Amino acid sequence: MTTAMHLQDTVKLNNGVKMPWFGLGVFKVEEGEELVQAVKNAIAHGYRSIDTASVYQNEAGVGQAIREALQENGLSREELFITSKVWNADLGYEETLAAYEASLNKLGLEYLDLYLVHWPVPGKYKEAWRALETLYKDGRVRAIGVSNFHIHHLEDLLADAEVTPVVNQIELHPYLSQTELRNYAAKHHIQIEAWSPLMQGQLLSQPVLQDIAERHGRSVAQVILRWDLQHGIVTIPKSTKEHRIIENATVFDFTLSDEEMDRIDQLNHNDRVGPDPDHIDF
């Protein structure tokens, strides 16, 4: 398995676009100074990938932070990889096209690097996917993908899709390792990306993870994020604290042994902190 050696290392997606293995998620971070500062700190400390969504209601703040960070760090827009997602209420061909424009306007950007269908709402995600294909073919977005899709959702989508999703962003952590879905995605050249990789903090006192962390002189968070990378999983931990943003990304100077990887793999018991994509009513 190819393992990232540096914070700015990238994986080549199935359409040739390069995506950083590591990024910052901003789920549940409200508009305001804390959000702007978190994104700016991440970029200043070498992060190049920022993940947001229309439903987070923080695209304007993310956009402001991007503009300020580019100027302050002497970077060009092309050096960043920005992801957003279309929300369930906007799934539909025309609605999704409009939602993309609304996200761009809030972010103040001319294009996104990656645009995702946020949830597989039955009877709606295929029309939304058609809209994403249009945006992609028109050169409005560099790559398109999905989020929270089970295998059967992907099978259904791929039956009619003209463009294969480049990414499936899913809840994934040591208590929900999603092996079957990861294997299916690998077979179809769909990159898996983990949201909530730290299980929203619930794994930080997990005994096996603590033991492995102590062996390496690392935090549990660093061990989990390293486990992601060694499994070839793109990961986007969320933090607003500068020291955590730095710590989370300090995972390129140690390696977990096969035995340690296996011990972490054994922790899976299909526990979720988010909704099951088969049972969504929002």
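Student: How do you know that helix 2 has a span close to the one expected at 1.5 Å a residue?
Tutor: Helix 2 (residues 59–73) has 15 residues and reaches 21 Å from its first C-alpha to its last. The expected span is 1.5 Å times one less than the number of residues, so for helix 2 that gives 21 Å, close to what we find. Keep in mind that this is a predicted model, where local features need pLDDT of at least 70, side-chain atom pairs count only at pLDDT 80 or more, and totals for chains, interfaces and linings use all residues. Residues are numbered from 1 along each chain as its sequence is written, and side-chain values use heavy atoms, leaving out hydrogens and water.

Student: Which residues of helix 2 are called buried?
Tutor: Glu 59, Gly 61, Val 62, Gly 63, Ala 65, Ile 66, Ala 69 and Leu 70 are. Buried means under 20% relative accessible area (1.4 Å probe, protein chains only). These residues pack against helix 1 (33–44), strand 4, strand 5 and helix 3, with contact meaning heavy atoms within 4.5 Å.

Student: What makes strand 3 and strand 10 edge strands?
Tutor: Eight strands form an open sheet in the order 3-4-5-6-7-8-9-10, with parallel pairing. Strand 3 (24–25) and strand 10 (234–235) each pair on one side only.

Student: How do you know that strand 3 and strand 4 pair?
Tutor: Pairing takes at least two bridges found by DSSP, and strand 3 and strand 4 (residues 49–51) have two, in the parallel sense.

Key
Helices (H or I, at least four residues) and strands (E, at least two) are DSSP runs, numbered from the N terminus. Buried means under 20% relative accessible area, exposed over 50%, partly exposed in between (1.4 Å probe, protein chains only).
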